[in-house]
Amino acid sequence: MSSFSTVQSVLKLENITKSFYGVKVLRGVNFDLRKGELHALLGENGAGKSTLIKIISGAYKMDAGRTFFKGEPFPSNYSPKIAEELGILTIYQHFHLVPHLTVAENLAITAYTSSPGLFVDWAEVRRQAKVALDRMRFPLDPNARVKDLSVAKKQMLEIAIALSKNAEIIIMDEPTAALSRNETESLFGMIDQLKTEEIGIIYVSHRLEEIKQIGDRVTILRDGNDIATLDLREAELKQIIALMIGREVTSNRKQENSPLQNPLLSIHELKTEHFPDPVSLVVREKEVLGITGLVGSGKTEVARALFGVDRVSSGTISVDGRKVDMRSPRSVVHSGIGYLPEDRDSQGLCLNLAVRENLTLALLAKQKHMFFDRDSEKKVANGAMQSLRIRARNVLQQVKYLSGGNKQKVVLGKWLEAGCRILILDEPTMGIDIGARNEIYQLIHQFTQSSKRAVIFISSDVDEILEVSDRILVMSNYHFVGELDPRKTSKQEIIGMCMSSAANERFRLGQAS
Amino acid sequence: MSFPTSESLIKVRGVLNNQAVSMLLILFAMWVVLALLSPYFFTVGNISEITLQTAVIGIIAAGQTLIIISGGIDLSVGSIFACSGVVGGLLFQGTSNLFAALIATLVFGGLLGAVNGFFITRLRVPPFIATLGMLGMARGLALIFSRGIPIFGLSPEYLWIGQGKIFEVIPVPTIILLLVYAIVFGISRYTRLGRFVYAIGSNAEAALLSGINIKWVILAIYAGCGLLCGLSSIIEAARLGTIQPAGGSGYELLAIGAVVIGGTSLFGGEGTVIATLIGAIIETTIRNGLNILGVNAFWQYVVNGAVIIAAVSVDQWKRQA
């Protein structure tokens, strides 16, 4: 190795490739990390960020490539345990803490679990905890139970644990996703401290502004390639977004402007525990309203509030001018609204029931008689299976054996058969192959051809939002931050809006256009 | 756990999928073996005795089946059985009104079941704990109401329910048993309630998000199960000629056993009512057979418990496939 680069790089990756089931996820990625530097990784979903950090942390084995830690190649039996021994530690989004133990016990977990005698050496536990906490400028009560800590404090504890293990590299995966503004600031304070202690930080985040604020360099990944590594003091946001997306994207949905339709569904000043400020929106007849935003921006919460799942503390919803009773999903279903949840297996389907039984569930829930006619149920199910082109052996096959796309069509069919007029679709194409995706777009299009119907299409995939929507609302931090016409906007503009913090440019609906 | 997966085993699994059929075959096999071992077994008297003995547990198990399909469990059936019987019996002692006494037994059983449903849906207590609490409470109430003293002096009309025979052959309890199964089977297959029970057991969240009134369904099936406990209590009282405040203990084991032997999954969403009837007959056959063969009666509990473990392990094994 050339001695020059190894002197300053604490970590160096060369030409890393990785495939899953024949799909190339990383196609020869190079990456290096210097001491005391925050090096951000940026890319769209599926660009390869998490695969890369998992290779660094030892969770995945790379297919090919070379990895160096302080100039030395990684040991051949590299694993998460060895990574930890070397000083490469990962702060996960889902915390690896023991919730029922105290801060001190978690910090000294090794002493706690492997003391040679029968009894715990409490003095040693306390001593180790004190040493670790004293290194941090952030106050943590060693006697607090971890389960009572806020997300931010848990994160600080994870960092303290990493420090106590003599970390030289700390990997942070979306560390601010669940933090408030103030908590984010104290995390950044901590990060500054880590940098002065010569610890290198690999930082994965969608939030560009954050990266700009605390980062030194950024590597942009796209489709498994490292597109560029930039110095963040010089790079511009626009340039970074363009590199991330790679191409000028415009809507390929070239429809003539249809005359403005009447409002069908209006949400007025709706408030649940999730929303700091009430939200309002209007969906018009024959319209596909796209709602996009990053993961955790509040899109799903809008759907859940609207469907009566989360308790609504104030505000009203009306369909066709009539107020909707929002006490439960049941009462909302009766006003003609259907909800395709984000997680179809755990929320949308009864997996060990048949295709037929799933297809008619909402229809039966709406009926009032005690008995139902099994013959006409069969006809309904067979009809739906044909018109939606659900590929199953027959209507009696259990849903769990269907592919993702066919499962999703069953959930859609459930609402179509129930005669609902407004469909809320939450990430309807997640994990679905391209063929079934297009079929679902087709079904949405057909559905909105008749009057008195509309679709709310929620997705974090900006390409599909541009393709499917008639109008786009952008969410960030539980606020609507923009309303866009898909024919007049671009992917860059939308992503920029998604990543902007809502606090800076709060946007009220109605002020737009 | 690992099983050999040879060709033959795969075939066995395929056949076992329809557990009702395989259980029926096992039942016939047991009958053949017992008939060979004892000439007394295959007499009209003994077969009718088996159906008669099945009635008490079988009726409770019918209600239990719907609860288990919904993903729940009812541990309080034996106590509700005793408590509702005592309430009806006391009313009969006081008024000598048979009709009022029977209605009171059924209604009180249904009421206690509804209280289970209330605990589960409104107080959000898990079914296991809610009905465990009811197991204690209903038993205590049965003892308090009766002051611990068994109730005697049931009229011949009351006794006919347990001891009478239609056309001199078919015991009345057998008729009631078949009627109950016809009705519960009908509910499970032809009513919206029945469909919702399956949907809730399969995925309660999805059922809720499809607009099903989950709380109402849960309340209804626990109340229904309580009512069937009352009915079962009437039959036992009429057979024995007495109402025991300590009666029905251990019936939860037999009733849950009948359900799982019938192949209904404790994970919810899968199972059939008719299979439970077969399961209940299998349980009775085991007891009856051991009796005839002169095996110590206490062994019945051991064998019954072992059969339940075996039935659930078969279910788990199929699940792995």
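## Salt bridges in chain A

At 34% relative accessibility, Asp325(A) counts as partly exposed. In this predicted model, its side chain meets that of Arg327(A) in a salt bridge, with an N to O distance of 2.6 Å. Arg327(A) itself is exposed, at a relative accessible area of 68%.

A second pair consists of Lys409(A) and Glu439(A), whose closest N and O atoms are 3.0 Å apart. Lys409(A) is buried, with a relative accessibility of 0%. Glu439(A) also counts as buried, because its relative accessibility of 16% falls under the 20% limit. Elsewhere, Lys195(A), Asp216(A), Asp231(A) and Arg233(A) are joined into one network by salt bridges that share partners.

The salt bridge between Arg471(A) and Glu287(A) has its closest N and O atoms 2.7 Å apart. Since Arg471(A) lies in strand S19 (residues 471-476) of chain A and Glu287(A) in strand S13 (residues 287-293) of chain A, the pair ties together parts that are 184 residues apart in sequence. Both partners are buried: the relative accessible area is 16% for Arg471(A) and 8% for Glu287(A).

Side chains of opposite charge can pair when their charged atoms come close. Over all chains, the count of salt bridges comes to 29.

## Helix packing in chain B

Helix H8 (residues 172-190) and helix H11 (residues 214-240) of chain B have axes that come within 11 Å and cross at roughly 170°. An angle over 145 degrees counts as roughly antiparallel, and H8(B) and H11(B) are therefore roughly antiparallel to each other.

The contact involves Pro173(B), Ile176(B), Val180(B) and Val184(B) on the side of H8(B). These residues meet Leu228(B), Leu231(B) and Ile235(B) in H11(B).

## A nonpolar surface patch in chain B

Six residues, Val44(B), Phe167(B), Val169(B), Ile170(B), Ile175(B) and Leu179(B), form a nonpolar patch on the surface. Together they have about 580 Å² of accessible area.

How values were computed: Residues are numbered from 1 along each chain as its sequence is written. Chains are lettered from A and ligands numbered from 1 in the order in which they are written. This is a predicted model: local features need pLDDT of at least 70, side-chain atom pairs count only at pLDDT 80 or more; totals for chains, interfaces and linings use all residues. Side-chain values use heavy atoms; hydrogens and water are left out. Patches are made of residues with over 30% relative accessible area and no salt bridge: like charges are joined within 9 Å, nonpolar side chains (Val, Leu, Ile, Met, Phe, Trp, Tyr) within 5 Å. Accessible areas come from the Shrake-Rupley method with a 1.4 Å probe; for residues, only the protein chains shown count as cover. A salt bridge is a side-chain nitrogen of Lys or Arg within 4 Å of a carboxyl oxygen of Asp or Glu. Axes are lines fitted to C-alpha atoms, for helices over the stretch in contact, and angles run from 0 to 180 degrees between N-to-C directions. Helices (H or I, at least four residues) and strands (E, at least two) are DSSP runs, numbered from the N terminus. Angles under 35 degrees count as roughly parallel, over 145 as roughly antiparallel, 65 to 115 as roughly perpendicular and the rest as oblique. Contact means heavy atoms within 4.5 Å. Buried means under 20% relative accessible area, exposed over 50%, partly exposed in between (1.4 Å probe, protein chains only).
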